[in-house]
Amino acid sequence: MPSQGVTVARPRTAARTVEHPDLSEVSLQEVLEALVDPVRRMVVSQLARAGEDKSCGTFDAPVSLSTLTHHFNVLRDAGVIRQYYVGTTKMNTLRTDEVEQRFPGLLSAVLAASVAEEAGTAARGI
């Protein structure tokens, strides 16, 4: 135990990083399985509509934060989103250009279908 008046330096820690797959190693099956879930499509839609990166706590989702974390992990592991830290806040961004290059038209088709589905659901009052 240090004596009174002695300051002990805190050990340095490495910056927090998040691992992301190289999209050349991601299969179409993995991306489709990630996007089949309605909560994950909702996350992707909200990111696309925002036009900017969003922190994990800013998503409007019908699930708990721990469940939402699982959905972020699935999307990240499938190469759909990229996550990074700003201080202690985990930020999310769509990997739009990378996904488009690997699977042309896929993400835009899923987003367009999601918008159409949401509009149909709203029109039916569901």
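This note sets out, in numbered points, some features of a predicted model.

1. **Strand pairing.** Strand β3 covers residues 89-94, and β1 pairs with β3 in the antiparallel sense over two bridges. Within this pairing, Lys54 has Asn92 in β3 as its bridge partner. Strand β2, residues 81-86, also runs antiparallel to β3, and six bridges join these two strands. Among the residues facing each other here, Arg82 stands opposite Thr93 in β3, and Tyr84 stands opposite Met91 in β3.

2. **The hairpin turn.** Strands β2 and β3 form a hairpin, with two residues between them. Attention is drawn to Gly87 in the turn, where phi is positive, at about 65 degrees.

3. **The aromatic pair.** A pair of aromatic rings is described by the distance of the centres and the angle of the planes. The count for this model comes to one aromatic pair. The ring centres of Phe59 and Phe72 are 5.2 Å apart and their planes stand at 65 degrees; because planes over 60 degrees apart count as edge-to-face, the pair belongs to that class. Distant parts of the chain are linked in this way: Phe59 lies in the loop between β1 (54-55) and α3 (65-77), whereas Phe72 lies in helix α3, and 13 residues separate the two.

4. **Surroundings of Phe59.** Lys54 lies over the face of Phe59, 4.9 Å from the ring centre. Gln46, found in helix α2, is in contact with Lys54, Phe59 and Asp60, leaving aside its neighbours within four places in sequence.

5. In soluble globular proteins, nonpolar side chains tend to be buried together. The largest nonpolar core of this model has 24 residues, and Val44, Leu75 and Val80 are those with the most contacts inside it. Helices α1 (28-35), α2 (38-50), α3 and α5 (106-123) each supply at least two residues of this core. Which residues does Val44 touch, not counting residues up to four places away in sequence? They are Leu35, Leu75, Val80, Leu94, Leu107 and Leu111.

6. **Salt bridges around Glu98.** Side chains of opposite charge can pair when their charged atoms come close. The structure holds four salt bridges. One of them joins Glu98 to Arg82, with the closest N and O atoms 3.3 Å apart. This pair links distant parts of the chain, since Glu98 is in helix α4 (residues 96-102) and Arg82 is in strand β2, 16 residues apart. Glu98 also meets Arg95 in a salt bridge, at 2.8 Å from N to O. Through shared partners, Arg82, Arg95 and Glu98 are joined into one network. As to accessibility, Arg95 is buried at 4%, while Glu98 is partly exposed with a relative accessible area of 32% and Arg82 is partly exposed at 29%.

7. **The Asp77 and Arg76 salt bridge.** The side chains of Asp77 and Arg76 form another salt bridge, at 3.9 Å from N to O. Asp77 counts as partly exposed, at 47% relative accessibility. Arg76, by contrast, has a relative accessible area of 12% and is therefore buried.

Methods:
Residues are numbered from 1 along each chain as its sequence is written. This is a predicted model: local features need pLDDT of at least 70, side-chain atom pairs count only at pLDDT 80 or more; totals for chains, interfaces and linings use all residues. Side-chain values use heavy atoms; hydrogens and water are left out. Rings of Phe, Tyr and Trp (its six-membered ring) pair if their centres lie within 6.5 Å; planes under 30 degrees apart count as stacked, over 60 as edge-to-face and the rest as tilted. Helices (H or I, at least four residues) and strands (E, at least two) are DSSP runs, numbered from the N terminus. A charge sits over a ring if NZ of Lys or CZ of Arg is within 6 Å of the ring centre and within 35 degrees of the ring normal. A nonpolar core is a set of buried Ala, Val, Leu, Ile, Met, Phe, Trp, Tyr and Cys residues joined through side-chain atoms within 4.5 Å. Buried means under 20% relative accessible area, exposed over 50%, partly exposed in between (1.4 Å probe, protein chains only). Contact means heavy atoms within 4.5 Å. Two strands pair if DSSP finds at least two bridges between them.
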